[in-house]
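The sequence and the structure are shown first.

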Amino acid sequence: MSRPRRRGRDVHGVFLLDKHQGASSNDVLQKVKRLFNANKAGHTGALDPLATGMLPVCLGEATKFSQYLLDSDKRYRVIARLGERTDTSDADGNIVETRAITFNQAELDAALEYFRGDTLQVPTMFSALKYQGRKLYEYAREGITVPREARPIKVFELQFIRWEGDELELEIHVSKGTYIRTIIDDLGEKLGCGAHVIMLRRLQVARYPIERMVTLEQLQEVAATVNMAVPPDYSALDALLLPMDSPAEEFPIVNLLPAVATYFKQGMPVQVADAPEQGLVRVTEGDEHKFIGMAEIADDGRVAPRRLVVEFPA
């Protein structure tokens, strides 16, 4: 019995989308997948429809390593509306409380300092976290509030940009799993006036360069040139991709000789001189340092495969 034909191309890498406001992350993901004619795609942490900015899209084998981006820290620019609290903590929700703005600059500075560093955060009900198998926002849309445990987060940097009337602008660098809407809601309560997000832009994920972001419109313009050639020429599109191992760039590299790599690619742990003593590593092969997967240093010091790259025929 023949294997079913794969739809799309075997294209592998990470595309940095500059998501526009109003679109869901899944909607733009599917559009990027179609434009690249990729057989597989996934994003690395959703942005709310209100939010704009960096949304890394993993294509092909890069999807195997997207978890490392989910675990990475992120940087945002946010504008909050002071004096109003909403049920979603952002402008997409309904105003549930209005209060006067009575704090001064010194009180604002003290409130911002309170949120810097290690702290605990109770996730918003309007999130994709799950409770008893259902996403929290599904309960929230039904008017149901369920218990949520506070989770440890870290605010590496909380920079004051401006305060004009009822608008407060900040730049925030946070650890994984941090909800900016919740920080703004909690800050509003700390200031005694309430607040919600009216603009949110993700500036950076991990160490990805901001200048490599591409809008959907720009991507569509490049994709329009593909079918001008016969056969289609995807080189201009593929030039927009970052390497498939870039989600794991923080981990050290272990390079294998081709003969040793043969065993590793069959799922066997291998002995490598000068390998790290512990932890995860990126594994490459030969003089070209071709990425072939992720591994973990076993108790006996061998390099044990964890996720392998599937090699497709050209």
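A residue counts as buried when its relative accessible area is under 20%, as exposed when that area is over 50%, and as partly exposed in between. Phe 103, at 7% relative accessibility, is therefore buried. The model described here is predicted. Of the 314 residues of the chain, 44% count as buried.

**Overall architecture**

- The chain contains eight helices and 17 strands.
- Along its principal axes, the C-alpha trace of the chain spans about 70 × 55 × 40 Å.
- The accessible surface of the chain amounts to about 16500 Å², and carbon and sulfur atoms account for 49% of it.
- Of the contacts between residues at least 6 apart in sequence, 67% join residues at least 24 apart.

**Domains**

- The domain assignment divides the chain into domain 1 (13-71 + 208-239), domain 2 (74-205) and domain 3 (251-308).
- Taken over C-alpha atoms, the centres of domain 2 and domain 3 are 42 Å apart.

**Aromatic pairs**

- The count of aromatic pairs in the chain comes to five.
- One of them joins Tyr 68 and Phe 251, whose ring centres lie 5.3 Å apart with the planes at 70°, so this pair is edge-to-face.
- Tyr 68 and Phe 251 are both buried.
- Phe 103 and Trp 163 form a stacked pair, with 4.6 Å from centre to centre and 25° between the planes.

**Charged ends over rings**

- The charged end of Arg 9 sits over the ring of Tyr 234, at 3.8 Å from the ring centre.
- The charged end of Lys 190 sits over the ring of Tyr 114, at 3.7 Å from the ring centre.

- Phe 65 is located in the loop between strand 3 (52-59) and helix 2.
- Because its relative accessibility is 0%, Phe 65 counts as buried.
- Leaving aside residues up to four places away in sequence, Phe 65 touches Met 244, Pro 247, Phe 291, Gly 293, Met 294, Arg 307 and Val 309.
- Val 309 is 244 residues from Phe 65 along the chain, and the C-alpha atoms of these two residues are separated by 9.8 Å.

**Cysteines**

- The number of disulfides in the chain is zero, where a disulfide requires a pair of cysteine sulfur atoms within 2.5 Å.
- Cys 58 has a relative accessible area of 0% and is therefore buried.
- Cys 193 is likewise buried, because its relative accessibility is 1%.

Notes. Residues are numbered from 1 along each chain as its sequence is written. This is a predicted model: local features need pLDDT of at least 70, side-chain atom pairs count only at pLDDT 80 or more; totals for chains, interfaces and linings use all residues. Side-chain values use heavy atoms; hydrogens and water are left out. Buried means under 20% relative accessible area, exposed over 50%, partly exposed in between (1.4 Å probe, protein chains only). Domain bounds come from an automatic or database domain assignment. Rings of Phe, Tyr and Trp (its six-membered ring) pair if their centres lie within 6.5 Å; planes under 30 degrees apart count as stacked, over 60 as edge-to-face and the rest as tilted. A charge sits over a ring if NZ of Lys or CZ of Arg is within 6 Å of the ring centre and within 35 degrees of the ring normal. Helices (H or I, at least four residues) and strands (E, at least two) are DSSP runs, numbered from the N terminus. Contact means heavy atoms within 4.5 Å. Accessible areas come from the Shrake-Rupley method with a 1.4 Å probe; for residues, only the protein chains shown count as cover.
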